[in-house]
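Hi everyone, thanks for coming along. I'd like to walk you through one model today, so please have a look at the screen.

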Amino acid sequence: MIQDDTELKTTQQRIAHFQEILLQLRVKATPEEFSLVTSGYRAEIEKMQEEVLEYLTRHACEPISLPL
């Protein structure tokens, strides 16, 4: 869970990095290996994007609720 703006920026950079990897794999991977190779990156991007949205849609004065 993202707790501050520094972590937000880091997460956004990781998303951009993983998207760049996917962009390269679209060209370099064979069709047979493409879905196998990209599924992990996609899942991680989706998880990080959800964390970003949770952080951005929480008002700054709201406490961070950590998962149980």
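Let me start with a term: a residue is buried under 20% relative accessible area, exposed over 50%, and partly exposed in between, using a 1.4 Å probe and protein chains only. What we have here is a predicted model, where local features need pLDDT of at least 70, side-chain atom pairs count only at pLDDT 80 or more, and totals for chains, interfaces and linings use all residues. Residues are numbered from 1 along each chain as its sequence is written, and side-chain values use heavy atoms, with hydrogens and water left out.

With that scale in mind, take arginine 14: it counts as partly exposed because its relative accessibility is 38%. Which residue does arginine 14 form a salt bridge with? The partner is glutamate 44, with the closest N and O atoms 3.8 Å apart. By salt bridge I mean a side-chain nitrogen of Lys or Arg within 4 Å of a carboxyl oxygen of Asp or Glu. This pair links distant parts of the chain, since arginine 14 sits in helix α1 and glutamate 44 in helix α2, 30 residues apart. Helices here are DSSP runs of H or I with at least four residues, numbered from the N terminus. Glutamate 44 has 23% relative accessibility, so it is partly exposed too.

Glutamate 44 also meets lysine 47 in a salt bridge, at 3.9 Å from N to O. Those two are three residues apart in helix α2, which means about one helical turn between them. Lysine 47, partly exposed at 45% relative accessibility, has another salt bridge, to glutamate 51, at 4.0 Å. Together, Arg14, Glu44, Lys47 and Glu51 make up a network of salt bridges. The count for the model comes to four salt bridges.

Now to α2 itself. This helix has 26 residues and reaches 36 Å from its first C-alpha to its last, close to the 38 Å expected; that expected span is 1.5 Å times one less than the number of residues. Where does α2 bend? The place is serine 39, and the angle is about 35 degrees, taken between axes fitted to the seven residues ending there and the seven starting there.

The buried residues of α2 are Thr38, Ile45, Met48, Val52 and Tyr55, and what covers them includes α1. Several turn up again in the largest nonpolar core, which has twelve residues, among them Ile15, Ile45, Met48, Val52 and Tyr55. α1 gives the most to this core, with six residues. For the record, a nonpolar core is a set of buried Ala, Val, Leu, Ile, Met, Phe, Trp, Tyr and Cys residues joined through side-chain atoms within 4.5 Å. Isoleucine 15 touches Ile45, Met48, Gln49 and Val52, leaving aside residues up to four places away in sequence; contact means heavy atoms within 4.5 Å.

Arginine 58 is buried yet has no salt bridge, and the nearest side chain of opposite charge, glutamate 62, is 5.5 Å away. For charge, Lys and Arg count as positive and Asp and Glu as negative, with His and the chain ends not counted. Beyond four places in sequence, arginine 58 touches Ile2, Pro63 and Ile64.
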